Amino acid sequence: MTLNELSVAPRPGRAGDARLGFERVGNRTVVRTALAHSPLRLLTPRNHGHAAWVYTSSLGGGLVDGDHLSLELDVAEGAAALLSSQGANRVYRSPRGCRSELSARVAPGALLALVPDPTMCFAGARYSQHQDVQLAPGASLVLMDVVTAGRSANGERWAFTHYTSSLRVHREGRALLDERWLLDPAHGALPERLGRFDALCTVLLVGPALDSAREALAGHVGTLPVTPRAGLVCSASPLGPDGLVLRGAATSAEALLRTTREWLSFLPSLLGDDPWARRA
């Protein structure tokens, strides 16, 4: 092998796996288990509420070619947990691709809020994510998933090579939601296909702890008119007897984030503290 060949040889990707466990102790939830391997890190800040919070971050500020992150999460009976991120999930140019997997189990009477920052794929990025959530009877789930066009100011609007996201939510072995998003220029140029929109989102609410929030959002979002060339288009769809799926597309990521946080404005009272207060 020549010196030139050595200089271009691909470096191996990083494999980071983690395990998280939450349990209720008295009136509060605590982090029982928090184990992570580089490049994945888990941050456990204190808050003034009864729920436990964990934020994920990745060494290096994002995912690079060959990275594979995996997180297993358990929320014990009666516990309340929030899992978010320290910043946007940045995916850099990655010919071999990057992967992220999350597997969560939520026990009876427990609440899990999965509200990470948006995924932002840069030019040439290949990224796949898989989320699998198993809900016990009486468990509740708040889930937010946002993907943006990337670095539009740098001319990288929807310029990634491949993006796929699968989401499965089950209760007692029965699928409540099983879907897969695929954005790939092989099926047509993405900027033209996505038109004026620079961000897309899914928000999912399931379970008894969210009854009043679902009712209010179904009545509000589900009746909003769609106007020509609107900067925001959204919809609300029931999911079984105790679930609601909200969808949104916006001409700017900032506008869509404001909207999703308005939808989730009930979350601080549910958790006992505001996870976005320091980011306002």
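User: Where does Trp 158 lie?
Analyst: Trp 158 is in the loop between strand 12 and strand 13. Keep in mind that this is a predicted model.

User: What's phi at Trp 158?
Analyst: Near 50 degrees. That is a positive value, in a residue other than glycine.

User: Is Trp 158 buried or exposed?
Analyst: Buried. Trp 158 has a relative accessible area of 3%.

User: And what about phi of Glu 172?
Analyst: Phi of Glu 172 is near 50 degrees, again a positive value in a residue other than glycine. Glu 172 sits in the loop between strand 13 and strand 14. Glu 172 is exposed, with a relative accessible area of 63%.

User: Next, the peptide bond from Ser 38 to Pro 39. Cis or trans?
Analyst: Cis. Omega for the Ser 38 to Pro 39 bond is near 15 degrees. Pro 39 belongs to the loop between strand 2 and strand 3.

User: How many bridges join strand 1 to strand 2?
Analyst: Eight. Strand 1 covers residues 15-25, strand 2 covers residues 28-36, and they run antiparallel.

User: How many residues are between strand 1 and strand 2 in the hairpin?
Analyst: Two residues. Gly 26 is in that turn and has a positive phi of about 65 degrees.

User: Helices now. Which residues of helix 3 are buried?
Analyst: Helix 3 spans residues 211-221, and Ala 213, Arg 214, Leu 217 and Val 221 are buried there. They cover an arc of only 95 degrees around the axis, so they are on the same side of helix 3.

User: What's exposed on the face turned away from the buried side of helix 3?
Analyst: Ser 212 and Glu 215 are the exposed residues on that face of helix 3.

User: What do the buried residues of helix 3 pack against?
Analyst: Strand 15, strand 16 (232-238), strand 17 (243-250) and helix 4 (253-263).

User: On to holes. How many cavities of 30 Å³ or more turn up in the whole structure?
Analyst: One. The largest cavity has a volume of about 80 Å³.

User: What lines the largest cavity?
Analyst: The lining includes Asp 145, Tyr 163, Glu 179, Trp 181 and Leu 200. Strand 12, strand 13 (162-171), strand 14 (174-183) and strand 15 (199-206) each give two or more residues. Strand 13 gives the most, with four. By type, the lining of the largest cavity divides into six nonpolar, three polar and two charged residues.

User: How big is the largest pocket?
Analyst: About 630 Å³ in volume. It is lined by 34 residues, and the closest to its centre are Thr 56, Ser 85, Asn 89, Ser 100 and Pro 116.

User: Which element gives the largest share of the lining of the largest pocket?
Analyst: Strand 11, with four residues. Elements giving two or more residues include strand 4 (52-58), strand 7 (89-91) and strand 8 (98-106).

User: How does the lining of the largest pocket divide by type?
Analyst: Into 13 nonpolar, 16 polar and five charged residues.

User: Last one, Val 91. Buried or exposed?
Analyst: Buried. Val 91 has a relative accessible area of 0%. Its place is in strand 7.

User: What is Val 91 in contact with, leaving aside neighbours within four places in sequence?
Analyst: Among them are Leu 63, Cys 98, Met 120, Phe 122 and Tyr 127.

User: How far apart are Val 91 and Arg 151?
Analyst: They are 60 residues apart in sequence, and 11 Å apart in space, C-alpha to C-alpha.

Notes
Residues are numbered from 1 along each chain as its sequence is written. This is a predicted model: local features need pLDDT of at least 70, side-chain atom pairs count only at pLDDT 80 or more; totals for chains, interfaces and linings use all residues. Side-chain values use heavy atoms; hydrogens and water are left out. On a 1 Å grid over the protein atoms alone, a cavity is a set of points where a 1.4 Å probe fits but cannot get out, and a pocket is an open set with protein on both sides within 12 Å along at least five of seven lines; lining residues have an atom within 4 Å of a point. Grid points are joined across faces, edges and corners, and a volume is the space filled by probe spheres set on the points. Ala, Val, Leu, Ile, Met, Phe, Trp, Tyr, Cys and Pro count as nonpolar, Asp, Glu, Lys and Arg as charged, and the others, Gly among them, as polar. Two strands pair if DSSP finds at least two bridges between them. Buried means under 20% relative accessible area, exposed over 50%, partly exposed in between (1.4 Å probe, protein chains only). The arc is that of the directions from the helix axis to the C-beta atoms. Contact means heavy atoms within 4.5 Å.
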